Number of protein chains: 2
Amino acid sequence: MIVSSERLRLKKLESKIMTAEEAASLIEDGMTVGTSGFTPSGYPKEVPLALAKRAEKENLKINLYTGASVGDELDGALARAGVIAKRMPYQTNDSIRNSINSGKIEFVDIHLSHMPQMVRYGFLGKIDVAIIEAVAIRKDGGIVPATSVGNSPVFVQMAEKVIIELNESQPLELEGMHDIYIPKNPPYRKPIPITRTDKRIGTTYIPCDPQKIAAVVLTNRRDSVRPLAPVDETSKKISEHLIEFLENEVKHGRLPKTLLPLQSGVGNIANAVLRGLVDSPFEGLEFYSEVIQDAVFDLLDCGKMTVASGTSVTPSEEGLERFYKNIDFYRNKIILRPQEISNNPEVIRRLGVIAMNTAIEIDIYGHVNSTHIMGTKMMNGIGGSGDFIRNAYISIFATPSTAKNGAISCIVPMVSHVDHTEHDVMVVVTEQGLADLRGLSPKERAKEIIQKCAHPDYRDALMEYYKKAIDFSGSAHTPHILEEALSWHINYSKKGRMI
Amino acid sequence: MIVSSERLRLKKLESKIMTAEEAASLIEDGMTVGTSGFTPSGYPKEVPLALAKRAEKENLKINLYTGASVGDELDGALARAGVIAKRMPYQTNDSIRNSINSGKIEFVDIHLSHMPQMVRYGFLGKIDVAIIEAVAIRKDGGIVPATSVGNSPVFVQMAEKVIIELNESQPLELEGMHDIYIPKNPPYRKPIPITRTDKRIGTTYIPCDPQKIAAVVLTNRRDSVRPLAPVDETSKKISEHLIEFLENEVKHGRLPKTLLPLQSGVGNIANAVLRGLVDSPFEGLEFYSEVIQDAVFDLLDCGKMTVASGTSVTPSEEGLERFYKNIDFYRNKIILRPQEISNNPEVIRRLGVIAMNTAIEIDIYGHVNSTHIMGTKMMNGIGGSGDFIRNAYISIFATPSTAKNGAISCIVPMVSHVDHTEHDVMVVVTEQGLADLRGLSPKERAKEIIQKCAHPDYRDALMEYYKKAIDFSGSAHTPHILEEALSWHINYSKKGRMI
């Protein structure tokens, strides 16, 4: 491959152009590697594949830090090759999930906004090598990121060596979409000056000392984007309940007519909820979130949304085509920030973000499990949900009321793992209905959640547990019978049904 | 009583001077009342006592919102009189605790920084009456608070009527110690301009439209301060482990020599930890916390601490004498802010606060229960612990390794209630030792916590559970056996011993 001077603008770096295999040889056993990538967007592909290949012939273990989940060429290939010793902060790949749940990989499940500052504070050890996918390298060494920013700025800042995958499949027109701001460490940190969703506060590139750039690998391998399922009946109902709730908040003066900036988790339910807004009466919407999915393009296209700020563009295959085709339009509407900023409590609280995230299960008192199947097996990780819901204007958790064809109730007496506590959950919504928990005590919450959100097949059993627990505990603050609290999960493990 | 013109500076309010009974008659059945007070400091006393008396003769229920816990004249008297329907956000009083745990009072256990903005957003209903203890009322109606600020600014802002208890036992010299700043609601909120612990950003009084002031009640009843226990051996050891840890962080360049601003929970362990710093090598310390206890006076007196910012001064009886006696010295070193600011995530994260809080129990994976005895009975509430630990530079939880003369292990297989999740807990410390959990996976955390923090009497049983859970779960991400996870609590309830 020949590299254009538009992509590699610092001529002396031509001497650093090498094959993926050569670049991978800079990575030694025991090293900690920080990479770009947030969802299957903007992650390095060639060097990880070469590293996985190298591991066929030698003992090689690394700690792998990323922005969030990444594509199979990175998480999948390295997990299958047995290269990953420790992984943080998030993943969604089958191969790595299996290794995490069989004791082969130590996974640290950490808030996405905590990770970058912990790296900079020195809490997570030294970053030996950063591997960053880029659209271009500037004359000053500055790196223009691809479709995500994630933790790339802090990895570049803290790494001893930087390997760049210069990816020609990522259009040069991405330049100008990023807004890179790196906070100082305490006691020197200043207010992050974002006061509106559309405010830019940084540079369009990641500053990098050219001396640090140890390798440049040329590629045109595209992001392995994932398909989106069509909107199903359950997601549609969840979306309808939510929009009705938001309309009611506006009616009562608790939200402005344009709402406040929206955050949405990733996946089909989240996408369906956003898509529902296309047909809603709301105008002038803003998006302050992590991941920009297809439905955000819909909202921008129809003019109902004015700006979308995130740390990653993660469309479907069709969405990616559409994004590339209209990139000049989207570049004026989309801002990609480091996850330290997209997920920052300071900004989320200031802007008053409405946070919508999905749950694995929710208990009758409003505790949420976002991560663990039956209390032990890691699904994906907490991701950014904690960053957002804890600081949101309104925090909302959505889940279908049942899973596994009705064998599992997603509303349970006690969740088998807690990621979000009763203190942080304002609204619970399923296809059955919406429970508004603001200002309610645990006993009031239980009645609201059971009646509004539980599936009719489980409602009576939940109410029976609740009433029995009141008697058993003498009407204690949070009624429970510890002998029975987790029995639904135990039943499922033994009999394949919760009740 | 005759009021001096130094205390009541707006002459026309003399017509509003009335007895506590008359003022209490402004409060009607079904109303929501917001009061000053944060710990037994600066809370109204006369009107609540009059209200409790009135309830002997008539049906009277109110919702009671405060800053945090308050003195017995308010929480105790009203709980015993059966006046409280709903209570938030925190309490520590025996009478009210009993009512909460027997179904007589609905208690909403909420983060202390969330409460004020939720009031202003209209999420918690209308505030009918605010009762505020004050040192003085200014000519413009501005209220000079007493020994705490808490939620008074937002209650005054949002209440229909304001009742002021003008308390002559609170010295006029308190004026100038407060720094009142009320953030705007989104989308109009600006950065909170605190960039250093000692920075003042607001007024020395709570702005108040004089038209709103419906009653002025004169009193000289003092705060019912609580005694502090002498520092015991357990607390001393916890303090030593912590100081050793902090010294090591400085040595490795992860903390500056003057540390970063400290936050400390309330109570004897917290006070002992702070007292330990008096004999430590650290200088130039700062305190950015909620409650200013006796040990903070020690640190200010000996010159090791330069500034203390909180929302409440809560000394012992001796401490209060000392505080009053040297108030001119302390007024230059102490800043009292609204809890919306003292506990604000934005400021805590920016300053890099080192947060030290106490736990009821902690499990082998690092989840913390701060509120519930055996999973059902409310102890006090989450208070500000979540505000601080979630945004801290380093989050630390301290607990003795055992309770009830060894019958209870405070390190358990699974906590019976989760207030702080694994994602948020960096350090666990008991008198046995300190576990540094940063960057560790659940399995790594379990070994660290069991070996360093558990009491020797429970260490083997915990390790046995952990190993059995690994086998049982096929080495899943978080090994558990749901049938046994809560068995220690069940044992205690049945046999009076956890194992």
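This is a predicted model: local features need pLDDT of at least 70, side-chain atom pairs count only at pLDDT 80 or more; totals for chains, interfaces and linings use all residues.
Residues are numbered from 1 along each chain as its sequence is written, and chains are lettered from A in the order in which they are written. Local features need pLDDT of at least 70, side-chain atom pairs count only at pLDDT 80 or more, and totals for chains, interfaces and linings use all residues.

Start with chains A and B. A rotation of 180° with 0.0 Å of shift along its axis places chain B on chain A, at an RMSD of 0.0 Å (least squares on C-alpha atoms of residues with pLDDT of at least 70 in both copies). The two copies are thus related as by a two-fold rotation axis. Select Glu346(B): in chain B, its C-alpha is the nearest to the axis, at 2.2 Å.

Next, select Met414(A), Val415(A), Val418(A), Val415(B) and Val418(B). Among the 20 residues lining the largest cavity, these are the closest to its centre. A cavity is a set of points on a 1 Å grid over the protein atoms alone where a 1.4 Å probe fits but cannot get out, and lining residues have an atom within 4 Å of a point.

Finally, select Thr258(B), in the loop between helix 7 (233-251) and strand 9 (262-264) of chain B (DSSP runs numbered from the N terminus: helices H or I of at least four residues, strands E of at least two). Leaving aside neighbours within four places in sequence, Thr258(B) is in contact (heavy atoms within 4.5 Å) with Glu283(B), Gly284(B) and Leu285(B).

Methods. Side-chain values use heavy atoms; hydrogens and water are left out. On a 1 Å grid over the protein atoms alone, a cavity is a set of points where a 1.4 Å probe fits but cannot get out, and a pocket is an open set with protein on both sides within 12 Å along at least five of seven lines; lining residues have an atom within 4 Å of a point.
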